[in-house]
Amino acid sequence: MTSESKIAANRRNSRRSSGPRTVAGKLTVSRNALRHGLAAATLRDSGIAAEVDRLATAIGGENADAAQREQALIIAESELTLLRVRAVRTSIFEQMLVATGAADTQEPSAQLLRRRHAGVIGRPPLEQLRRLERYGRRAFSKRQAAIRKLVDVQHCTIGSCIDKTNYF
């Protein structure tokens, strides 16, 4: 068990390391998740909340209770995140083809133009793909966990649900 003096020392240390204090430092860290926009906000907060809602209704059903609805929303949000990751990955490969001259001289996709405007394209493509993989793995894991929970909730009877309430 941790001693009282160690707990007090941890609390003192945590007060000293509370993140950036200057305006410039706060501005810098506020843009950390905006490199490609995948982690900037949840999909429910973005402009496609209606799509998330429709997909969640299709997944959970019209008569879903609150627990089922929440899991269906997580599944829908994760699936749309995975679609966005795939679109960005396609854009990276498109950028690689354009850079090597292997692609036709067609207009670049809207996704490629947005990424060029956001300054993401300056990174090496393999580095971009490596960073993007993290978001894909996290969305996939989140979706799989929500699917398992939704199945558990849907197959749950009153007597067997008591020990499963800690899911939510």
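In which handedness of crossing does helix 3 pass helix 4? I looked this up first. Helix 3 passes helix 4 in a right-handed crossing. A crossing counts as right-handed if the near helix is turned clockwise from the far one by less than a right angle, and as left-handed if anticlockwise.

I noted the basis of the entries. The model is predicted, so local features need pLDDT of at least 70 and side-chain atom pairs pLDDT 80 or more, while totals for chains, interfaces and linings use all residues. Residues are numbered from 1 along each chain as its sequence is written, and side-chain values use heavy atoms, without hydrogens and water.

**Helix pair**

I took helix 3 as residues 49-60 and helix 4 as residues 66-100. They pack at an angle of about 125°, with axes 8 Å apart. Axes are lines fitted to C-alpha atoms over the stretch in contact, and angles run from 0 to 180 degrees between N-to-C directions. That makes helix 3 oblique to helix 4; angles under 35 degrees are roughly parallel, over 145 roughly antiparallel, 65 to 115 roughly perpendicular, the rest oblique.

I then listed the contact (heavy atoms within 4.5 Å). Helix 3 brings residues including Val-52, Leu-55 and Ile-59. Helix 4 brings Arg-69, Leu-73 and Leu-80, among others.

**Whole protein**

I found six helices and zero strands. Helices are DSSP runs (H or I) of at least four residues, strands (E) of at least two, numbered from the N terminus. Buried residues (under 20% relative accessible area, 1.4 Å probe, protein chains only) make up 23% of the 168 residues.

How values were computed:
Buried < 20%, exposed > 50% of the residue type's maximum accessible area, 1.4 Å probe, protein only.
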